[in-house]
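Student: Before we use any labels, could we go through the terms and what backs each one?

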Amino acid sequence: YDAIGQQDLAIAELVKAGDLYAEVLGDDGAEPVLAQVMNDLAVALVKAGKHKHATLYGERAVHLCKEISGERSSHTAAAMTNLAALGENQGQPERAIGLYEQVVALTEEADGKEHPNVAVYVNNLGSANRRLGRFEQAESHFQRAFEIIGKAYGKDHPHAATALGNLGALWDSLGQHDRAIE
């Protein structure tokens, strides 16, 4: 239902699925499928503009991922990233930055400082800092994301273009038009 823009139906079905899993697994049941349902429900609620409820399900998804896969897993990082994006959408950039910083740290520890996933999360951190007017930090994060992607895939890869586009937009917004055009 979500794919065809029917968020209310998607939410209803996801709630039913979550209730069913919770009934079968019990209150403390931690299964990957339940974590995924909670995460999907949070995303659907965001699309429907129900941010407070989305936060509750997003936090539940993070909790379940930590229980299932541990604090330092790619599943936990993905759930935390979704929760951080939700915080940004709700006007809580400080919370988002804190979550993004945790995601970067755990991904660096799990995958290495030069892993492409680190670049994605560093780029998100740059965007959140830019929204807060922390332009030096944003620039540093965007440059780091570009360097990581450049090393992993080459500087002509589409992911590198995303990081460069963010740098260019930042410089343009700061009136550094010549630098943005480079």
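Tutor: What follows sets computed values against their definitions. This is a predicted model, where local features need pLDDT of at least 70, side-chain atom pairs count only at pLDDT 80 or more, and totals for chains, interfaces and linings use all residues. Residues are numbered from 1 along each chain as its sequence is written, and side-chain values use heavy atoms, with hydrogens and water left out.

Student: Why are α6 and α7 called roughly antiparallel?

Tutor: They pack at an angle of about 160°, with axes 8 Å apart. Angles over 145 degrees, on a scale from 0 to 180 between N-to-C directions, count as roughly antiparallel. α6 and α7 are therefore roughly antiparallel to each other.

Student: What is the make-up of the contact of α6 with α7?

Tutor: Its residues divide into 13 nonpolar, six polar and two charged. Among those that meet are V122 and G126 in α6, and A138 and F142 in α7. Contact means heavy atoms within 4.5 Å.

Student: Why does G126 count as buried?

Tutor: Buried means under 20% relative accessible area, with a 1.4 Å probe and protein chains only. G126 has 0% relative accessibility, so G126 counts as buried. This residue of helix α6 touches A138, H141 and F142, not counting residues up to four places away in sequence.

Student: What makes a set of residues a nonpolar core?

Tutor: The members are buried Ala, Val, Leu, Ile, Met, Phe, Trp, Tyr and Cys residues joined through side-chain atoms within 4.5 Å. The largest such core has 39 residues, and M38, M80 and Y100 have the most contacts inside it. Apart from that core lies another, of five residues, among them A138 and F142.

How values were computed: Buried means under 20% relative accessible area, exposed over 50%, partly exposed in between (1.4 Å probe, protein chains only). Helices (H or I, at least four residues) and strands (E, at least two) are DSSP runs, numbered from the N terminus. Angles under 35 degrees count as roughly parallel, over 145 as roughly antiparallel, 65 to 115 as roughly perpendicular and the rest as oblique. Ala, Val, Leu, Ile, Met, Phe, Trp, Tyr, Cys and Pro count as nonpolar, Asp, Glu, Lys and Arg as charged, and the others, Gly among them, as polar.
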